[in-house]
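Please find below a short note on the model shown here. It takes up a pocket and then a helix pairing.

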Amino acid sequence: MSTQSRQERTAALEAWAERVDESDLTEADTSVLRTIAALVDEGEDLERAIREAVSRARSRNYSWSQIGAMLGVSKQAAQRKYANA
């Protein structure tokens, strides 16, 4: 797995685009790739919202078992992933 962030990869692609000869290019439908990027962004927003909700649930004394049940995972998996939320 690459250690570069998506932003770093985007910057590298933009730098390449500045150097490429236009005669070497062909048009491509990249809508599916843009959809993937948008879904990743939505997923990051969703994960942040889940972390906040778990934190609120813990502050209201809900158990890891209850939280895990809502997440569809074991209490141990919920605690491992969200204990520092």
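1. The elements that supply two or more lining residues are α1 (6-19) and α2 (31-59); helices are DSSP runs (H or I, at least four residues) numbered from the N terminus.

2. This is a predicted model, in which local features need pLDDT of at least 70 and side-chain atom pairs count only at pLDDT 80 or more, while totals for chains, interfaces and linings use all residues. Residues are numbered from 1 along each chain as its sequence is written, and side-chain values use heavy atoms, with hydrogens and water left out.

3. The volume of the largest pocket is about 220 Å³ (the space filled by probe spheres set on the points, which are joined across faces, edges and corners). A pocket is an open set of points on a 1 Å grid over the protein atoms alone, where a 1.4 Å probe fits, with protein on both sides within 12 Å along at least five of seven lines; lining residues have an atom within 4 Å of a point.

4. Arg-6, Arg-9, Thr-30, Leu-33, Arg-34, Ile-36, Ala-37 and Val-40 line the largest pocket.

5. Helix α3 (residues 64-71) packs against α2 at an angle of about 150 degrees, their axes lying 10 Å apart (axes are lines fitted to C-alpha atoms over the stretch in contact, and angles run from 0 to 180 degrees between N-to-C directions). The two helices are therefore roughly antiparallel (angles over 145 degrees).

6. On the α2 side, the contact (heavy atoms within 4.5 Å) involves Ile-50, Val-54, Ala-57 and Arg-58, and on the α3 side Trp-64, Ile-67 and Leu-71.

Key. Angles under 35 degrees count as roughly parallel, over 145 as roughly antiparallel, 65 to 115 as roughly perpendicular and the rest as oblique.
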